Amino acid sequence: MDKLLIHGGHSLKGEVPISGAKNAALPILCAAILVPGTLELDNVPNLQDVGTTLRLLERMGVKSDRDGSKVALDASQITHLEAAYDLVKTMRASILVLGPLLARFGEARVSLPGGCAIGQRPVDQHIKGLQALGARIEIEHGYVVARAKRLRGARIVTDMVTVTGTENLMMAATLADGETIIENAAREPEVVDLAAALTALGARIRGAGTDRIVIEGVQALHSGAYRVMPDRIETGTFLCAVAAAGGSLRLTGCDTAALDATLDKLRETGLVIESGTDWLQATMSGRPRSVDIRTAPYPGFATDMQAQIMAVNCVAQGTAVITETIFENRFMHVQEMVRLGADISIQGNTAVVRGAPGLSGAIVMATDLRASAGLVIAGLVAEGDTLVDRIYHLDRGYDRMERKLAAAGAQIERVRTVVDA
Ligand code: UD1
């Protein structure tokens, strides 16, 4: 199992290219299922979850050809309408194949994802929405089995804002008979990116980016091409890295428009940010100031940035209150940060972080994707060596993070552990 060894205490300097957005790429790859032809994608990030999605699609009969950040998919010959447990358990976003399979083929069998480290994360809203579109759904042997000759447009009001729920229903509705309205829809930029990709394939969608999305079903989608948006969470992660470790980073190929809440909070820490249409220059001199955070659906502060901003707060001047409102168990990184010398106490969904002048390196264990990123940032600041274990979590969602950091002056290396047979 790979680990990251970080020798902390070095400020960052240089340029970091931002990759395509994981959370846009995954639904867009799944959207290929809707097309009886080809989908050519660009700016697809090179990370584990993309590999898992391609394997999932290949098992169904979708042909894929990957060349760097370009991925060409051909879903004209789908033979298996199933997503099996062994892949779904490693990536919850696999549920995104449910809507497209059902819409195009009238049938789908997708394993229930089960629990995960950051909370229960049920998929009841996906199911409720598909039922509203006329699907018959049963749970059989741990699988969601959905059937419908042809989905019918309907008005769906989700109980809470759900990102992949909105995406699944939006994809399903593209091929439904008539008009579908999704109320209380997620407004995340990745939902907008998926809507743009579907539109490039012939779907009729308006209102993406608002809480009311209207989809006019069409008979079939057609072949097309699309470029995935830049990753706003990766961008925010590198901004937190420079806010905590100090120095100056230029991030290129990013989308500054999608980052409002993160940029506002990071400016409060004292990070000086200049920006153009597709670049950011961030400079930090001295110690950051602490900032209070309350996670919320977009355009609020992203839960996917919570662990990283916590790492900044660990070394900031002052005390920060961080409230997590999206997932009930997303403070697993706290105990690991405490092992690095951070002063954090938790009460329910609130963490109080008293900034310390420094941290000290230790062995820590990553528990989930964004927690890993928070631990890497803490490790960049900590004095001495920090070994971050279980970085397969990090590899799921970041495109060569340690190489990008090393190129910007961090002392960080991947340590490969050989397991004896
Ligand atoms: C997506 C993102 C993830 C991010 C999260 C919140 C992808 C691939 N993943 O995850 O990185 O952290 O949005 O911004 O885009 N819920 C239910 N029932 C449902 C669906 C959701 O109760 O059917 C609850 C969840 O448990 C959670 C909240 O709704 O408490 C929001 O979850 P959701 O937006 O669905 O997260 P994901 O789409 O899984």
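In α6 of this predicted model, the buried residues are Gly 165, Thr 166, Glu 167, Asn 168, Leu 169, Met 170, Met 171, Ala 172 and Ala 173. The helix covers residues 163–173, and with nine of its eleven residues buried, α6 is mostly covered.

Now the start of that helix. Thr 162 caps the N-terminal end of α6. A side-chain oxygen of Thr 162 sits 2.9 Å from the backbone nitrogen of Gly 165.

That brings me to the ligand. Which residues are closest to the ligand? Of the 18 residues that surround it, the closest are Asp 124, Thr 162, Thr 164, Asp 304 and Ile 326.

Thr 164 has a polar side-chain atom 2.5 Å from a ligand oxygen. For Val 163, a backbone N or O atom lies 2.8 Å from a ligand oxygen. Asn 23 places a polar side-chain atom 3.0 Å from an oxygen atom of the ligand.

Last, a pair of helices. Helix α8, residues 232–245, packs with helix α10, residues 306–314, at an angle of about 5°, and their axes are 9 Å apart. Angles under 35 degrees count as roughly parallel, so α8 is roughly parallel to α10. On the α8 side, the contact is made by Ile 233, Thr 237, Cys 240, Ala 243 and Ala 244. Gln 308, Ile 309 and Val 312 make it from α10. By class, that contact has six nonpolar residues, two polar ones and no charged ones.

Methods
Residues are numbered from 1 along each chain as its sequence is written. This is a predicted model: local features need pLDDT of at least 70, side-chain atom pairs count only at pLDDT 80 or more; totals for chains, interfaces and linings use all residues. Side-chain values use heavy atoms; hydrogens and water are left out. Buried means under 20% relative accessible area, exposed over 50%, partly exposed in between (1.4 Å probe, protein chains only). Helices (H or I, at least four residues) and strands (E, at least two) are DSSP runs, numbered from the N terminus. A polar contact is a pair of N or O atoms within 3.5 Å; within protein, one must be able to donate a hydrogen and the other to accept it, and residues adjacent in sequence count only if both atoms are side-chain atoms. Axes are lines fitted to C-alpha atoms, for helices over the stretch in contact, and angles run from 0 to 180 degrees between N-to-C directions. Angles under 35 degrees count as roughly parallel, over 145 as roughly antiparallel, 65 to 115 as roughly perpendicular and the rest as oblique. Contact means heavy atoms within 4.5 Å. Ala, Val, Leu, Ile, Met, Phe, Trp, Tyr, Cys and Pro count as nonpolar, Asp, Glu, Lys and Arg as charged, and the others, Gly among them, as polar. A residue is near a molecule or strand if one of its heavy atoms lies within 4 Å of it.
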